[in-house]
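Biologist: Please take a close look at the charged side-chain pairs here. Then carry on into the rest of the fold.

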Amino acid sequence: MISEEIEKLEKEVWKDFQKIENLYHLEDFRIKYLGKKGKINWYLKQLKDFSLEEKKKLGSILNQIKEELETKLKLKEREILLKEEDKDIGLDLTLPGRIFPLGTLHPITKIIEELCEIFLKLGFEIITGPEIETEYYNFTALNIPDWHPARDMQATFYLKNGALLRTHTSPMQIRAMLERTPPLRIIAPGKVYRCDADIRHSPMFHQLEGLMVDKDVNFSDLKGILIYFAKETFGEIKVRFRPSYFPFTEPSLEMDIECVMCKGRGCKVCGNAGWLEILGAGMVHPEVFKSVNYDINMWQGFAFGLGIERIAMIKYGIDDIRIFFENHLIFLESFK
Ligand code: FA5
């Protein structure tokens, strides 16, 4: 049976791999197993006569072995070269050390740090919280009871036992207000999850929540802070506010930034709108204050939720959100 033969081959591969001691062994090994006429390719070719299901199953096993081998061979080669280098030079303590390539911060981490700096200057405190949430924090306490159609606005990944992956960072508003007494000013950056995927939507993405509660906070304060953040982040750029709806804010707005790709003319990145939506915001709804026992006659507040990837796309001129999570070294190194 071919599956048994492949199993045997896998054992043979790893046994042989242990025997590699120098670059000659390594090259022989590579030709024997990974070469065009090597054993793995030979088995891959045999699969053509099998059923689609078997082809898929066995092909994936063979490709996995191939990938693992390629990675391990690279490491082995490096290990052998380093050993040989040591042999050539002997031990010379006056030689400079080896330079190891340094990594760099991921562009999304960079943007989060930049945004935190901006809001820290404005007196906001940074907090973090769980990505696995309960319906209560993610929806109910935010004035979205279970019958509310707004639950469908954010396609949710449910887990067993009623838990879910948070669909936004807004549950942090509730956590912050329950843990503190007003006045308060917090931001909460973090990962969120939605069943959503295209060039502007990713199933896992980052948001930064902002919440300010005080005795006389109003809508102009909110707009002022958002315009300040946009100027600090992008320099001179056109922004616009649109009226919107969120069950946890009233009134609500969304903020768009002029699309940097097409300068507002319309392109595939902005879906021909000329604008990219980067955040939702509004004045905290009295029902939300009631759910955390804040006196609605004494306290007012605003909240906002920024889409971090959208901000990174605009800032770095990136036309497909998926590239942030594909781990291409050339892309990541360009942020050094
Ligand atoms: C919310 O998530 C609200 N919680 C925001 C909010 C907070 C409103 C506080 C009022 C008060 P929305 O679903 O529009 O809203 O998402 C906010 C931002 O996240 C969007 O403007 C967009 O920039 C970004 N975003 C939404 N879905 C995705 C996605 N799938 N991939 C990448 N970014 C996304």
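Modeller: Start with Asp320 and Arg322. They form a salt bridge, with the closest N and O atoms 2.9 Å apart. The term means a side-chain nitrogen of Lys or Arg within 4 Å of a carboxyl oxygen of Asp or Glu. Arg322 is partly exposed, at 39% relative accessibility. The classes are buried, under 20% relative accessible area; exposed, over 50%; and partly exposed, in between (1.4 Å probe, protein chains only).

A caution on the source: this is a predicted model, where local features need pLDDT of at least 70 and side-chain atom pairs count only at pLDDT 80 or more, while totals for chains, interfaces and linings use all residues. Residues are numbered from 1 along each chain as its sequence is written, and side-chain values use heavy atoms, without hydrogens or water.

The count comes to 20 salt bridges. One of them joins Glu12 to Lys32, with 3.9 Å between the closest N and O atoms. Glu12 sits in helix α1 (residues 2-18) and Lys32 in helix α2 (residues 23-34), so this pair ties together parts that are 20 residues apart in sequence. Helices here are DSSP runs of H or I of at least four residues; strands are E runs of at least two; both are numbered from the N terminus. Glu12 is partly exposed at 28%, and Lys32 is partly exposed at 37%.

Another salt bridge links Glu79 and Lys83, at 3.9 Å from N to O. Both lie in helix α4 (residues 52-89), four residues apart, which puts about one helical turn between them. Glu79 is partly exposed at 38%. Lys83 is exposed, with a relative accessible area of 53%. Shared partners also join Glu12, Asp16, Lys19, Lys32 and Lys39 into one network of salt bridges.

Now the sheet. It is open and has seven strands, in the order β1-β4-β5-β9-β8-β7-β6, with mixed pairing. β1 (125-126) and β6 (239-246) stand at the edges with a single partner strand each, so one side of each has no neighbour in the sheet. Two strands pair if DSSP finds at least two bridges between them. β6 and β7 (residues 249-258) pair antiparallel over seven bridges.

Helix α5 (residues 107-121) lies across β1, β4 (184-193), β5 (204-214) and β9 (300-307), at about 5 degrees to β5. Helix α10 (residues 308-316) touches β5, β7, β8 (275-284) and β9, and its direction makes about 60 degrees with that of β9. Contact means heavy atoms within 4.5 Å. Axes are lines fitted to C-alpha atoms, for helices over the stretch in contact, and angles run from 0 to 180 degrees between N-to-C directions.

Gln173, in helix α7 (residues 171-179), is buried at 0%. Its side chain makes a polar contact with that of Glu209, at 2.7 Å. A polar contact is a pair of N or O atoms within 3.5 Å; within protein, one must be able to donate a hydrogen and the other to accept it, and residues adjacent in sequence count only if both atoms are side-chain atoms. Gln173 also touches Leu142, Leu211, Phe248 and Ala303, among residues beyond four places away in sequence.

Last, the ligand. It is surrounded by 27 residues, the closest being His168, Ser170, Arg194, Ser202 and Glu277. Here a residue counts if one of its heavy atoms lies within 4 Å. A side-chain N or O atom of His168 is 2.9 Å from a ligand nitrogen.
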